[in-house]
Amino acid sequence: MEKLVIEGGKPLSGTIRIQGAKNAALPILAASVLSDGNLIIENVPDLLDIQVMLDILTSLGSRAVLTGQKVHLDMSRLHSSHIPEELMKQMRSSIFLMGPLLARFGSVTVYQPGGCAIGERKINLHLQGLEALGAVIEETGSTIVCRAEKLTGADIVLDFPSVGATENIMMAAAAAVGRTTIHNAAREPEIQDLQHFLNAMGARIYGAGTDTITIDGVSRFHPCVYRIIPDRIAAGTLMVAAAATRGNVTLEQVNPQHLTSLIHVLKRAGVQIISSGDIMNIQCHNRPRRVERIVTSPYPAFPTDLQSLIMVFLSLADGLSIVKETVFEGRFKHVDELGRMGADIRVDMNAAYIKGVPRLYGATVEATDLRAGAALVIAGLAAHGTTVVEQIHHIDRGYEQIEKMLTRLGARIRRKSPEGEELSSPLDRIG
Ligand code: EPZ
């Protein structure tokens, strides 16, 4: 498997444009099946997860092609709602297709997405929401068949503000007869982006971004051209990379409003952050101060997707910081790997006690999941010596050519084959 080889200790500097949001593009591409015409989705990041979603849409009969950052979709020939199991296994987010395919075809067959490195990833809230709209669900082994002669609006209360469940219910309810209200809905910016996209196709949805979303079903959806929001987690990753390497980095096409919890934490640690419109500059000149306590929680609280990243930054701070993970039960897998680089982190249940050390040291480490992998890359950038990050396919799921992005900021980072020969990014090879 490919690896990233990093010569650490060099402050990042320069300017970089933020990629489109993976976690907005995936549900929006799924929602496009509600329309039966040609659509263009702009600012789509070129990622492995996006490629899998396009492969699934193609397998269902649509035309779905990414050129540059634009996806051209033709939904007129969509003829199947049976998602191929082997594609579903490659990306659990294909579960987002349940709601819109059910709405379009009256039935949909998917497979249990199963858990992953960060947790069990249950889908009970997705299924309960679709049942509330009138779906009949049969689970046989790993197969889930969902049928609904007609979808009817309903009042739905989510036990937990699940991002995916909120999105699946929104997409099905958009085509239901009557009004649906989702209470305790997720409030992430990606939910707002999905609402804007669905409404651009003719849906009537209000309230995304709050905990109550109202959807008045419509019978037809028309094609549209839509631009995805910037990826706040990719932006947050670069902000932490700039701070952890004591660099001076400017981000373009970023939405600071989506990053207030991270900005607050970094400023408390002594990082200088100045924003103007969609430009943000991050500078860090001294050893960061510790941050007493960070608790991950649904938006707008500190995002679980940035937990491993901030942990790297705090492992270099002056003092003891505590990070509590409340969203996923298995999201501390990066801790042992950071320990091999000299970090001093003790985990007790879902809390990590991070005693800052003056420096980290390069080592050979293994990515276990997308954001843990990104954290190890940042640790390598900040560490003294050489770091080799293995299993980097996890990282390519969510970051567009991460080594190219970081090289543009002065990082000494190369993608190599298992034998050590230098490679271009896998996405270059996909062509
Ligand atoms: C989305 O996952 C994101 N993925 C995740 O980003 C992100 O970490 C997560 O939201 C939380 O912000 C995409 O948008 C593609 P959830 P999702 O449903 O929808 C439990 C990344 O790194 N739950 O809000 O799966 C679940 O077990 C990825 O880009 C149920 O119990 O997140 C988890 O503990 C990782 N039953 C919690 O809710 C359900 O039916 C949060 O899950 C659904 C979820």
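Me: Which residue forms a salt bridge with Glu422?
Reply: Arg414 does, with the closest N and O atoms 3.1 Å apart. A salt bridge here is a side-chain nitrogen of Lys or Arg within 4 Å of a carboxyl oxygen of Asp or Glu. Keep in mind that this is a predicted model: local features need pLDDT of at least 70, side-chain atom pairs count only at pLDDT 80 or more, and totals for chains, interfaces and linings use all residues. Residues are numbered from 1 along each chain as its sequence is written, and side-chain values use heavy atoms, with hydrogens and water left out.

Me: Is Arg414 buried, exposed or partly exposed?
Reply: Arg414 counts as partly exposed because its relative accessibility is 36%. Buried means under 20% relative accessible area, exposed over 50%, partly exposed in between (1.4 Å probe, protein chains only).

Me: How many salt bridges in the whole structure?
Reply: The search finds 15. Glu2, Asp396, Glu403 and Arg415 are linked in a network of them.

Me: What does Glu85 pair with, and at what distance?
Reply: Lys89, with the closest N and O atoms 3.6 Å apart. Both lie in helix H3 (residues 85-90), 4 residues apart, about one turn of the helix. Helices (H or I, at least four residues) and strands (E, at least two) are DSSP runs, numbered from the N terminus.

Me: And Arg204?
Reply: Arg204 forms a salt bridge with Asp216, the closest N and O atoms being 4.0 Å apart. That pair links distant parts of the chain, with Arg204 in strand S11 (residues 204-206) and Asp216 in strand S12 (residues 212-216), 12 residues apart. Asp216 counts as buried, because its relative accessibility is 11%. Arg204, at 42%, counts as partly exposed.

Me: New topic. At what angle do the axes of H6 and H7 cross?
Reply: Roughly 10°, and the axes of H6 (residues 163-173) and H7 (residues 189-200) come within 10 Å. Axes are lines fitted to C-alpha atoms, for helices over the stretch in contact, and angles run from 0 to 180 degrees between N-to-C directions. So H6 is roughly parallel to H7 (angles under 35 degrees count as roughly parallel).

Me: Which residues meet there?
Reply: Val163, Thr166, Glu167, Met170 and Met171 in H6 meet Glu190, Ile191, Leu194, Gln195 and Leu198 in H7. Contact means heavy atoms within 4.5 Å.

Me: Last one. Which residues of H9 are buried?
Reply: In H9 (residues 260-268), Ser261, Leu262, Ile263, Val265 and Leu266 are buried. Their cover includes helix H8 (232-244) and helix H10 (307-314). Just after H9, Gly270 takes a positive phi of about 105°.

Notes. Parallel < 35°, antiparallel > 145°, perpendicular 65-115°, else oblique.
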